[in-house]
Amino acid sequence: MRRVARVVLLDPENRILLLHGHEPDDTADDWWFTPGGGVEGDETREQAALRELAEETGITEVELGPVLWRRQCSFPFAGRRWDQDEWYYLARTSGTPDVVPSAMGLTELERRSVAGARWWTCQELTRAHETVYPTRLAELLRRLLDEGPPAGPVTLDTEIV
């Protein structure tokens with residue numbers, strides 16, 4: 001089980017940053033997802049969340065908040081199955097959100113499978129026909145914006161693709 005830290009990054013207008021990914025050899029098999037990735041060595045999940053955000057977006061000026069959600073998932077990607085235990089951290093940036101971030105620290109596999117990033121409003125996410133992970137992200141974001149962070153991490157349904 002791969003330990004993963006993900007970031008629910010919100011800008012001053014409460015838009016969420018999502019990355020656009022696809023299978024390395026099939027750009028038509030695509031989806032949107034939150035920045036984040038695997039914990040490396042002895043780093044904490046918080047350290048992994050900040051490192052991954054910086055590597056995947058170039059954004060370093062953030063305030064990392066609490067763990068919002070936890071999820072276990074299993075999915076095929078790049079010719080293998082990935083089994084993950086994901087923690088989603090809230091983070092806020094006060095930077096220039098209209099600028100699409102730059103992914104300077106991507107691995108070779110990420111360079112072949114990440115096609116960019118976009119800031120989404122909750123309304124845009126709700127209307128989206130694209131695949132987004134976690135699958136209930138629009139609903140989860142709406143609840144977060146309406147009610148604030150939960151008192152403790154919410155366990156999401158396991159997703160097996």
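A salt bridge here is a side-chain nitrogen of Lys or Arg within 4 Å of a carboxyl oxygen of Asp or Glu. The model is predicted, so local features need pLDDT of at least 70 and side-chain atom pairs count only at pLDDT 80 or more, while totals for chains, interfaces and linings use all residues. Residues are numbered from 1 along each chain as its sequence is written, and side-chain values use heavy atoms, with hydrogens and water left out.

**Figure 1. Overview of the fold.** The protein has four helices and ten strands. Helices (H or I, at least four residues) and strands (E, at least two) are DSSP runs, numbered from the N terminus. Their order along the sequence is β-β-β-β-α-β-β-α-β-α-β-α-β-β. Of the 161 residues, 45% count as buried. Buried means under 20% relative accessible area, exposed over 50%, and partly exposed in between (1.4 Å probe, protein chains only). The protein exposes about 8,500 Å². Carbon and sulfur atoms supply 49% of that area. Accessible areas come from the Shrake-Rupley method with a 1.4 Å probe; for residues, only the protein chains shown count as cover. Contact means heavy atoms within 4.5 Å. Among contacts between residues at least 6 apart in sequence, 69% join residues at least 24 apart.

**Figure 2. Arg71 and Glu86, a buried salt bridge between strands.** Glu86 forms a salt bridge with Arg71, with the closest N and O atoms 2.7 Å apart. The pair links distant parts of the chain: Glu86 belongs to strand β6 and Arg71 to strand β5, 15 residues apart. Both residues are buried. Strand β5 spans residues 62-77.

**Figure 3. The surroundings of Arg71.** Arg71 has a relative accessible area of 6% and therefore counts as buried. Leaving out residues up to four places away in sequence, Arg71 touches Gln84, Asp85, Glu86, Tyr88, Tyr133, Pro134, Leu156, Asp157 and Glu159. Its side chain makes a polar contact with the side chain of Glu159 at 2.8 Å. Another polar contact, of 3.4 Å, joins the side chains of Arg71 and Tyr88. A polar contact is a pair of N or O atoms within 3.5 Å; within protein, one must be able to donate a hydrogen and the other to accept it, and residues adjacent in sequence count only if both atoms are side-chain atoms. The C-alpha atoms of Arg71 and Val154 are separated by 8.7 Å, although these residues lie 83 residues apart along the chain.

**Figure 4. The nonpolar cores.** A nonpolar core is a set of buried Ala, Val, Leu, Ile, Met, Phe, Trp, Tyr and Cys residues joined through side-chain atoms within 4.5 Å. The largest has 20 residues. Val7, Leu9, Leu17, Leu53, Ile59 and Val62 have the most contacts inside it. The elements that give two or more residues to this core are β1 (2-10), β2 (16-23), β3 (26-33), α1 (45-57), β5, β6 (80-93) and β7 (114-120). Another core, of 19 residues, lies apart from it and includes Leu68, Trp69, Leu90 and Ala138. In soluble globular proteins, nonpolar side chains tend to be buried together.

**Figure 5. Contacts of Val7.** Neighbours within four places in sequence are left aside here. Val7 is then in contact with Thr34, Pro35, Ala49, Leu53, Tyr89 and Ala91.

**Figure 6. Salt bridges within helices.** The count comes to 14 salt bridges. Arg51 pairs with Glu55, the closest N and O atoms being 3.2 Å apart. Both lie in helix α1, four residues apart, about one turn of the helix. Arg51 counts as buried because its relative accessibility is 17%. Glu55, at 22%, counts as partly exposed. Asp146 pairs with Arg142, the closest N and O atoms being 2.8 Å apart. These two are four residues apart in helix α4 (residues 137-147), so about one helical turn separates them. Asp146 is exposed at 53% relative accessibility. Arg142 is partly exposed at 37%. Salt bridges that share partners join Glu40, Glu43, Arg51, Glu52 and Glu55 into one network.

Figure 7. Leu137, Ala138, Leu140, Leu141 and Leu144 are buried in α4. They cover an arc of only 165° around the axis, which puts them on the same side of α4. The arc is that of the directions from the helix axis to the C-beta atoms. The buried residues of α4 pack against β1, β2, β5, β6, α3 (122-127) and β8 (132-133). The face turned away from the buried side carries the exposed residues Asp146 and Glu147. Gly148 follows α4 and has a positive phi, near 85°.
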